[in-house]
Structures are given as C-alpha cells and as structure tokens.
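Hi everyone, thanks for coming.

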Amino acid sequence: MSALDRLAAPFARARSGDSDLPTGLVLLSGAIAAAVLSPIAWILLRVFEAEGDVSLVTQPSTFATSIALVAVVTGASVVIGVPLAFLTVRTDLPFRRFWTIAVALPLVIPSYLGAFTYISAFGPSGYIAGVLAPLGIDSVPSVYGFGGVALVLTLYTFPYVFITTRASLLSFDESLVEAARTLGVSRLEAFRRVTLPQLVPGIASGALLVALYALSDFGTPNLLRLEVLTQAIWVDFNGFGRETAAMLSLQLLTITAVILAVQSRVGDSTQGAYVGTRASTSSDTTVALGRWKAPALAFCASVVTMCLVVPLAVLFVWFRRGASDVGRTRLVFEWSYATNSVLVSVAAAVVCALAAIPVAYLAARHRSTIAEVIDRATYIGYAMPGIVLGLALVFFGVSYGAAVDDLSSVVGIASYLPALYQTLPLLIFAYVVRFLPQSVGATRSSVMRVDRELTEAARLLGQSSLGAFRRVALPLIAPGVLAGAALVFLTTMKELPATLLLQPTGFDTLVTYIWAVRESGSYGAAAIPAFVLIVVSALSMVVILSQEK
C-alpha cells in the first residue's frame, strides 16, 4: 500500500502484538506525531476563542470556485499524465528516456513562477501580443482568471500523475495482457479490462497529490487574479480579520478531508486487485505506435514546450534585459537570499530525515494499531495547505509571545524565555510539519527491504537494539533516507505561503524576493533568482533519480 493510500485509508482493526512494542521508540514516534498535529489544535483554539459570530463562511462563489478548480486541474492532469506514462513505458516512442526526464522536470519549477512567466508571455502587454500586433491581431486570450489558473496549475502538477502511473506500469506483470491477447481480446480491450484496473491505485495517488496542491496553492491564483479560499484567507489575515481567516482555514481543511475520503474509497475498491510479481521486459509487450508515432511525438513535444520551453525562454528574455529592470526597482538581489534558501531547506531536510527514522522504523517493523496511528498522523501535515499551516503557527507564535510577556510582568523582570514568532526555528518547524511525510515514505520503503534476520543476528552477537540498528540497519536504509531528504529539500525550496507568513524579519529567500519583485513589474530583476531556484531544485532531482532503483 502506498504512503498516500495509508494516509487516506480508514483505520484498520487492532492487531496483536501491541504489547511487544518498544516503549522508547513508541514514545519518541508519538511525540513527533503530536508535534505534527499541533497546528490543527491552534486553528481550532483560535476559532473557539473568537468573539462574535464564528459561523462566518466565505462567499459561496469562492467556495465553488475552489472546488471547481481542484476538479478541473485533477482531471486535466490525469488526461495528460496517464498517456505520457504509457507512451514512455509501454510503446516504441523514440527517445523515451529523454521524454521521461523532460516530462518530470516541471516539478522543479514552482507553479507561481510558471504563472509569472505566462503573464509575461501571454498577458495583454506580453511578448506574444507584441509579436501578433504587427499582423493585425489586437488581442490574445486572457491568461487571467479561472482558465489561466487551471492551465498553469495543470502544467506544473501533472508530473505527479505521470510519475505514479509510470511506477505502476513498470511494476505491472505484462503476462496478464499476453494471456488476455491469447484469448482473442483486442489490445485496446485488454488495456481497458486488464491493465487499467491495475493502474487505478497509482493514478489515484498522483491525482490526490494534484488535488491537494491545487486546493492549497496560493501564489498562482493570486498572480492570475482568481478568488479562491487561499486568496481569501490571505486577504483576511492581512486585513486583521484573523478569526475569519481561521474559519476559512477550517473550510479548507474540510475540503481536504473530503478529497482524502474520496481517494480512500478508490483505494479500498482496488485492494483486492491482483498485482503481478514481475514486470515483463519482452519486446512482444511493447506497443508499436505505427502511424501514431508522429502524433505521439507531437503530443510530448507540445507538453514539454508549454511547461518547460516557454518559461525558460521568458526567463532568458528577462535575464537579457535584467540590468535595465533592476535599475527601476529598489529591490536588489543579493546572493545571501540563495544562501538563506539553501540553509533553511537543508535544515528542514536534516530534521525531517532524523524525525522520519523512528516513525518509519516503527511502522515498518511493528504491525500494530499504535504504530499505524502514529504513521498516519504524520501525514496530516502534508494534507494541510501551507497557508493554513502558516496561519496556525502565527497564532501559536503570537500566543506564546503574549504568555512570555505575562510571565515577565508577573515576576517583575525580563523573561529569559526566547520569542518564537518570526524566528528560524518556527519556520523550519513549519517545513518539517508540511513535508515530513515525504521523508517518512521513502525511509519506510527502505526499512521494509532490510531483512529482519540481519538485525536479529546482530542482537545475538551482543548488540543492543540501538546498536544493531546503528551498525546494521542504518547503513542499509541510508539511500532511502537520502532520497527522502532530497525530496524535502526540493519542496522546501519552492514553498511560498508558509515562508511569507513566518519568515524572520530581514531573512529574505529566493521565493520571497521573487514574490516581492512581482509588484514592481521589473521582471528582469527576477531572472537570476529564478534561475538559481530552478538549478538548485534540479540538483536535488538528480539525487532523487539516482536513488530510483
């Protein structure tokens, strides 16, 4: 069962063996899970303490727009991602390795940066309008509004569906299709009746990631002027309507819970499906595209052009005119912004890796209700939109600061308790809560591949439980730990809303600088930080791909 299926699946029946759990490991893992769940408690506390009408809800149109956006982006991502996965795994498509990498690379480009470049290219005064004006074409379709947001989000989220579906295809036993073919079933019918049911779990996992991303994204709707729940929360928070923002956050969490429940039903309906034990490598199982080869290449090329070539070309144009644009803004890029981004991303990756080891080891080695509850609790943070998480920790930081001030007034001296609001520890904690599941999933997969007999042999030779883990298991699971940390690093580098809400004063990063530059219209000033962000993120992708096997 995948990590996302474990998150969404209903709690299983209690299993035997709970009494055999190592107490220290359970307490440590439970503390980590409690820390992940704490932001939700702060949101609820803020709502309960609100004065006046706490039944306030957002405008129905905003609520409906958010749901419609999730549905459209998820559906479009499936329509694009599944055919691309099939083409790169099961057909004789030319340059399959190249297309596989090119289609996955949009994950290193933040969607808000993609929106930024699409405004520059397709906006009313963009490059495309400038090229078409001499031809007598006065206007181009607007990139703003629902259509523009759906397009940009789809371009930068469909790789989730592509990757999870591709993984399912690579592990699928193609002999089932061969058996269906020998019974006289056509290739299309064999795909519909045999292959597709086996791909549903992978497609559902990718679709869940897309849906959660589309629901939680703040930057793209903000740039493309679409009123959604995340935008409403941001406006209310900055307008000091924090009770309203808290109520809207609960609505956003409610939609998230519904999405998880729907994915859970899909996962439950496929649990009884047969899963093959091998992936056939016979050339007989490769689908010959024939006359469809050219359309397939055109499809791949058009997708890569829209999600990679267009934004990179715009960034190169920005870079060429960068000097003149930089002179028009007071915001000057400093390399310390890149250093700050790398610093907090590395810190979050290291903390996530350390926190994931006990949780993953408990879940993989001990089949019990307690271990399962703790494991799933760590995934709540990933399902929590970044703007909701940031808002919850703002409430916590402010409340903590008020408590420190009260203590100082009571004792009559300055308190020695450190402040937390707008500090690096609180920002890093937000990243850990948000992205810990990525590290837990990769680490747990590695732990499950380690033979229990190896650690048991170390125990027989006199090693303690901790010693056996350190000397035997840890070196074997290190690649998975590294891959999980690299994934956390990649996503932390791109995180926008939590960073905007919690960044320490004077601690600017690549994403906060790019976000600040957007208001001045000096796009050239964003070229260098955008390139740095993409290159550093791409380097972490190299680490992830190196651990793919």
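**Cavities and salt bridges**

Helix 10 makes the biggest contribution to the lining of the largest cavity, four residues. Before I go on, a word on the basis: this is a predicted model, where local features need pLDDT of at least 70, side-chain atom pairs count only at pLDDT 80 or more, and totals for chains, interfaces and linings use all residues. Residues are numbered from 1 along each chain as its sequence is written, and side-chain values use heavy atoms, with hydrogens and water left out.

Helices are DSSP runs (H or I, at least four residues), numbered from the N terminus. A cavity is a set of points, on a 1 Å grid over the protein atoms alone, where a 1.4 Å probe fits but cannot get out, and lining residues have an atom within 4 Å of a point. Volume is the space filled by probe spheres set on the points, with grid points joined across faces, edges and corners.

The largest has about 340 Å³ of space, and among its 24 lining residues Tyr213, Ser216, Arg434, Phe435 and Glu495 are closest to the centre.

Now the salt bridges, meaning a side-chain nitrogen of Lys or Arg within 4 Å of a carboxyl oxygen of Asp or Glu. The whole structure has four. I'll also say buried (under 20% relative accessible area), exposed (over 50%) or partly exposed (in between), with a 1.4 Å probe and protein chains only.

Let me show you helix 17 (residues 369–377), where glutamate 372 and arginine 376 are four residues apart, about one helical turn. Their side chains form a salt bridge at 2.4 Å, N to O. Glutamate 372 is buried at 10%, and arginine 376 is buried at 7%.

Aspartate 375 pairs with arginine 444 at 2.9 Å, N to O. Aspartate 375 sits in helix 17 and arginine 444 in helix 20 (residues 424–448), so this bridge ties together parts 69 residues apart in sequence. Aspartate 375 is buried at 0%, and arginine 444 at 5%.

Finally, aspartate 92 and lysine 293 meet at 3.8 Å, N to O, across 201 residues of chain. Here aspartate 92 is partly exposed at 29%, and so is lysine 293 at 28%.

Key:
Helices (H or I, at least four residues) and strands (E, at least two) are DSSP runs, numbered from the N terminus. On a 1 Å grid over the protein atoms alone, a cavity is a set of points where a 1.4 Å probe fits but cannot get out, and a pocket is an open set with protein on both sides within 12 Å along at least five of seven lines; lining residues have an atom within 4 Å of a point.
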